[in-house]
Amino acid sequence: MKRRQLLKLAALGSAGPATLGYWFKVEPGLLSITRPEIVMPHLPGDLDGLRVAMFGDLHYKPEVDEPLMQKLVDAVNREAPDLVAIVGDYLEYDDAVIPPMLEHLSRIESKHGIFSVMGNHDGWYSVGSRVKKMFKERGFDFLINEHSQVTINQARLAIAGTDNVWNGHPDIAATFRGIARDTPTLALIHEPDYFDTVVTGRDSILQLSGHSHGGQCRVPLIGYAPRTVR
Ligand SMILES: [Fe+2]
């Protein structure tokens, strides 16, 4: 083995524990906020400037996440959103964490509702009807292959959500059934790479997804992502 290869291996060996520590101990407690401005074709003027707060991948752990949840809810409320979208993966292994998590999230103030969908972790360790019931009891809309519509000013806006893609039964036809083709639609889909299916036959759609934790395989500090998310 050449000296350069040995040096690379040594560097990887020393970086490994630090990287794992960052992923498991530091990154889960970080809250970063981005405010992209998105242009949607065919958007009525009445919806121009709509503010949607979106977050996901909480994997809520009551024993450690209390400060983070308070920061999250305060940050969302500071943005004064018109709508809130929560895009799945609420739990890690046990759906018993959902009620205490919703205790925090019920402090969120949204002018036109809070809309949620299933994530793959939620599907692995619970079932959609059970998760949906818990959310509905706290006044959240929860979409599994269905949609809701709201009127903002004089314009209709549809908010649609499928079941999670990895281990659920997403049904895009059922999800969009009853939405006029030209109605602007927010599609809440936990897994981002379902977009090719979601976009079929729609004129004005914005997909909002989680699952990637903001870039699942990024190298800490550098930000390099070696693979796109699946
Ligand atoms: Fe996920």
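Donors are N, O and S atoms within 2.8 Å of the metal. Keep that in mind as you work through this predicted model.

**Exercise 1.** Find which residues coordinate the iron ion, and work out how the site's geometry is classed.

*Solution.* 
- Step 1: Look around the iron ion for donor atoms. You'll find D89 (OD), N120 (OD1), H190 (NE2) and H211 (ND1), sitting at 2.1 to 2.2 Å.
- Step 2: Check the angles among the four donor atoms, which run from 87 to 166°.
- Step 3: Four donors count as tetrahedral if all angles lie between 85 and 135 degrees. The range here reaches 166°, and the site is irregular.

**Exercise 2.** Describe how helix α2 meets α3.

*Solution.* 
- Step 1: Start with the axes: those of α2 (residues 66-78) and α3 come within 9 Å and cross at roughly 40°.
- Step 2: Pick out the residues. From α2 come E66, M69, Q70, L72 and V73, and they meet M101, H104 and L105 of α3.
- Step 3: Sort the residues of this contact by type, and you get five nonpolar, two polar and one charged.

**Exercise 3.** Locate D141 and find its side-chain polar contact with S148.

*Solution.* 
- Step 1: D141 belongs to strand β4 (residues 141-142).
- Step 2: Its side chain makes a polar contact with the side chain of S148, at 2.7 Å.

Terms used:
Residues numbered from 1 in each chain as written. Predicted model: local features only at pLDDT ≥ 70, side-chain atom pairs only at ≥ 80, totals over all residues. Heavy atoms only, no water. Donors = N, O, S within 2.8 Å, 3.2 Å for Na, K, Ca; no water. Tetrahedral: all angles 85-135°; square planar, octahedral: opposite > 155°, others 65-115°. Helix = DSSP H or I, 4+ residues; strand = E, 2+ residues; numbered from the N terminus. Polar contact = N/O pair within 3.5 Å; in protein donor to acceptor, adjacent residues only side chain to side chain. Axes fitted to C-alpha atoms, helices over the stretch in contact; angles between N-to-C directions. Contact = heavy atoms within 4.5 Å. Nonpolar A, V, L, I, M, F, W, Y, C, P; charged D, E, K, R; others polar.
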